[in-house]
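Colleague: I have some questions about how the terms are applied here. Please set each value against its definition.

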Number of protein chains: 2
Amino acid sequence: MADALARLQDALGERVDTHAASLEEARADRSGFRSDGPPLAVVHAESVADVQTVLRIAHETRTPVVTRGAGTGLAGAANAGPGEIALSVRRMTRILEISPNDLLAVVEPGILNDDLGAALAPHGLWWAPDPASRAISTVGGNIATGAGGLLCAKYGVVRDAVLGLDVVLADGRLIRTGHRSVKGVTGYDLTSLLIGSEGTLGVVVGATLKLRRLVPGDVCTLSAFFPSVRAAARASAAVTAAGAQPAIMELLDAAAVAAISALLRVAEAAPGSAQLTIQTDGPGARAEAEAIARVLRDAGGEVAMTDDADEGERLLAFRRAMHPAMAALGTSLIEDVSVPRSRLPEMFDEIARVEREHGVVVPTVAHAGDGNLHPNFVFDGDEVPAHVWAAADDLFRSALRLGGTLTGEHGVGLLKRRWLADELGDDQWRLQRDIARVFDPRGILNPGKVFAP
Amino acid sequence: MADALARLQDALGERVDTHAASLEEARADRSGFRSDGPPLAVVHAESVADVQTVLRIAHETRTPVVTRGAGTGLAGAANAGPGEIALSVRRMTRILEISPNDLLAVVEPGILNDDLGAALAPHGLWWAPDPASRAISTVGGNIATGAGGLLCAKYGVVRDAVLGLDVVLADGRLIRTGHRSVKGVTGYDLTSLLIGSEGTLGVVVGATLKLRRLVPGDVCTLSAFFPSVRAAARASAAVTAAGAQPAIMELLDAAAVAAISALLRVAEAAPGSAQLTIQTDGPGARAEAEAIARVLRDAGGEVAMTDDADEGERLLAFRRAMHPAMAALGTSLIEDVSVPRSRLPEMFDEIARVEREHGVVVPTVAHAGDGNLHPNFVFDGDEVPAHVWAAADDLFRSALRLGGTLTGEHGVGLLKRRWLADELGDDQWRLQRDIARVFDPRGILNPGKVFAP
């Protein structure tokens with residue numbers, strides 16, 4: 001280990017950071033997990049060559065490498081501990097190419113989502129993945145976790161928006177996966193395999209992103225309150241069943257509505273009320289919003305609707321206050337299960353059951369259009385209490401029973417590794433772990449994450 | 001081998017077919033390649049259990065297995081030869097589930113694309129992948145090759161339209177990959193890895209397909225003739241640059257136009273003319289078609305346009321006559337390179353150069369919206385002559401130089417295995433082959449395909 005650090009310092013000079021504050025920061029992301037102690041060093045890579053140097057030294061000295069972007073992950077995958085190198089690509093923020101004609105951009109991984117968006121807008125372009133954290137999270141982090149966001153039902157997830165990757169392998173070699181064309185089936189789709197691999201297969205040092213043209217027309221925003229979360233969930237199902245395709249459809253359950261109302265000091269809706277926030281876009285935004293408003297009213301909703309941008313932001317602000325409202329209640333374990341959207345009402349019944357049986361409070365926001373729920377297990381203190389883990393375990397199993405998945409967009413990391421085999425089955429779990437060994441025969445890439453040791 | 005055949009017959013009875021005509025048929029697909037001799041047997045699997053039985057016996061006896069659907073592939077990947085089991089899943093045609101609310105269907109692999117389409121239409125649903133062969137090709141074949149089709153620029157490729165797979169592994173075990181929800185990042189994306197793996201990683205026995213609602217509104221069809229292929233290619237680039245998103249945009253070069261005109265006995269356009277066929281759909285189809293017509297006329301095109309379905313079919317019939325027109329000229333080696341769409345004019349220059357320098361005729365149709373070209377190397381006789389291979393080699397290298405890929409949608413199979421490492425690089429080629437070994441340690445799954453022996 002001392003050898004690895006000395007060699008890193010020798011090769012990379014001041015880019016090897018051993019300040020106590022830097023090491024401390026690298027121990028955690030935003031999952032609530034924290035490693036057992038500080039890593040060897042944080043290396044601030046500034047180029048592909050820097051990353052290759054780190055991996056070569058790590059490979060030769062068998063030193064674990066934990067790759068990090070902005071550290072906003074919610075599963076603990078980027079947490080670095082004793083004896084590990086924290087490899088930060090946060091300084092690699094260049095946009096190498098924007099091609100409006102081919103609707104693609106080539107970028108380094110450390111660029112923030114919002115900064116990319118700002119650079120693309122003057123070209124009339126955007127990159128669809130839209131995590132709620134876009135102001136603070138990186139494109140590379142999106143790719144490493146296979147992140148989703150609010151717009152996925154209409155505009156797809158990260159996998160739908162990446163054409164190719166430049167990847168440094170465990171021993172420092174560089175490969176290029178994928179292509180620059182819309183189609184391409186030469187060999188296996190390693191691009192998709194690497195997306196969501198959480199630092200266990202290689203280090204993404206460049207990405208060829210598939211862009212969209214900015215959507216013309218207005219945006220219409222609707223807000224609707226319902227007497228119960230089940231009624232709101234049924235209304236959201238009715239919206240999709242009616243063939244509407246909103247850009248955004250967010251559902252807040254009663255506990256979430258109450259917490260946000262308290263935070264924003266707005267008059268609370270009737271106790272037990274749940275809420276939907278919906279946006280439509282494109283040339284038919286207004287007609288679609290009006291059709292949706294009818295569906296929501298038929299389903300018992302109290303509906304407000306606007307095509308004014310400021311008023312729309314005001315309606316959306318209620319939804320955006322979810323995280324601060326949770327922070328005001330205590331510490332949260334933010335969950336991320338996903339179910340087929342038709343099972344959303346049943347999943348909310350399951351959440352209510354888990355609350356009752358485990359004596360926990362679980363305010364929940366859902367991306368209702370795609371069936372992805374974020375139940376927030378709120379508790380006091382820093383450490384997740386045992387009874388909260390038991391409740392979360394119960395919730396995960398409920399989601400799997402309903403044909404759902406453990407994680408829609410946050411990833412496995414540390415948080416869900418102990419449930420991974422429950423979803424994959426033992427045969428697929430072993431197959432996946434064996435694939436990881438092909439990429440990383442010495443086991444130095446983010447060991448202990450995703451696959452339980 | 002005798003042992004393998006006897007055990008198959010013992011376990012599967014009459015589903016093990018050793019008729020000479022069946023064995024002969026299993027030697028070839030539609031690539032022009034044919035194996036050295038008949039396989040051991042064709043097994044007509046009728047269930048997942050049948051497939052598992054075949055793989056268990058094959059694994060224990062180390063007998064190669066070549067999985068087949070309808071045999072319409074264009075790269076030789078499904079050709080079975082001496083000592084190999086041809087495993088046909090063509091009889092597994094059931095639709096197990098159609099869920100309009102979750103926009104998904106669960107199907108067996110042997111169902112024809114058109115039969116699936118016919119079953120989905122009454123629900124107001126469709127599965128977007130639309131290979132030109134849809135009347136005769138299977139969904140499983142689409143998945144095995146990662147097929148594309150005419151609608152990909154607007155509606156995506158197979159990878160965008162599959163949520164999960166049921167896969168029998170090399171030793172007969174069954175795994176389920178993916179999920180039933182829009183989002184899901186639990187573990188690695190084996191679904192994408194298996195799509196386009198051409199029978200080398202496992203046998204797809206079931207697929208959970210992501211559906212779309214039928215597009216409302218009319219379809220408008222445009223046909224435009226241009227004085228040269230370069231002019232037509234520039235016009236197609238101008239259409240996408242204008243922000244239009246046609247459902248179909250097909251380009252025929254001058255040799256293709258001449259051959260089709262001769263076949264259909266229509267008055268030929270001026271010598272050297274190239275042609276674009278474009279369709280728009282959705283609520284804004286007519287307005288979009290009118291905007292496209294203006295772009296095409298500005299680019300020097302002679303434009304016909306209609307929103308009448310029959311007249312639209314008549315315009316599209318010209319494009320659909322491409323394959324019969326090629327068959328009338330001789331035997332074709334059908335190529336499948338793809339380039340970033342902005343490089344389409346340069347790629348046509350390269351095709352003209354290849355024709356000049358190698359003394360070959362290469363009528364070409366392109367899916368212009370996504371940069372995928374199908375140059376047809378026409379020759380006499382059954383065997384591809386050496387000078388045609390040399391010309392194809394030159395063409396492949398041109399596509400790679402232009403930032404393109406060897407195969408947009410047909411796959412590698414036998415046809416392109418010798419160029420695979422040129423595109424992937426040696427490091428990635430070896431990595432991919434090592435991944436195949438994890439799935440198939442005994443090397444019984446379609447040996448000799450994709451990765452050159």
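Modeller: Contact means heavy atoms within 4.5 Å. By that rule, 67 residues of chain B are in contact with 67 residues of chain A. This is a predicted model: local features need pLDDT of at least 70, side-chain atom pairs count only at pLDDT 80 or more, and totals for chains, interfaces and linings use all residues. Residues are numbered from 1 along each chain as written, chains are lettered from A in the order written, and side-chain values use heavy atoms, without hydrogens and water.

Colleague: What is the area buried between chain B and chain A?

Modeller: About 5800 Å², with carbon and sulfur atoms giving 58%. Buried area is the accessible area (1.4 Å probe) that two parts lose on being put together, summed over both. B:K183, B:V185 and B:Y188 supply 17% of what chain B buries against chain A, more than any other three residues.

Colleague: Why is the pair B:D370 and A:K183 called a salt bridge?

Modeller: The rule asks for a side-chain nitrogen of Lys or Arg within 4 Å of a carboxyl oxygen of Asp or Glu. In this pair the closest N and O atoms are 3.2 Å apart, so the pair qualifies. The rule finds eight salt bridges across the interface of chain B and chain A. Over all chains the count is 66.

Colleague: What makes B:K416 and B:E335 a link between separate parts of chain B?

Modeller: Their closest N and O atoms are 2.6 Å apart, in a salt bridge. B:K416 lies in the loop between α14 and α15 of chain B, and B:E335 in the loop between β16 and α13, so the pair ties together parts 81 residues apart in sequence. Helices (H or I, at least four residues) and strands (E, at least two) are DSSP runs, numbered from the N terminus.

Colleague: How do you know that α9(A) is roughly perpendicular to α12(A)?

Modeller: The two helices pack at about 85 degrees, with axes 9 Å apart. Axes are lines fitted to C-alpha atoms over the stretch in contact, and angles run from 0 to 180 degrees between N-to-C directions. Angles under 35 degrees count as roughly parallel, over 145 as roughly antiparallel, 65 to 115 as roughly perpendicular and the rest as oblique. So α9(A) is roughly perpendicular to α12(A).
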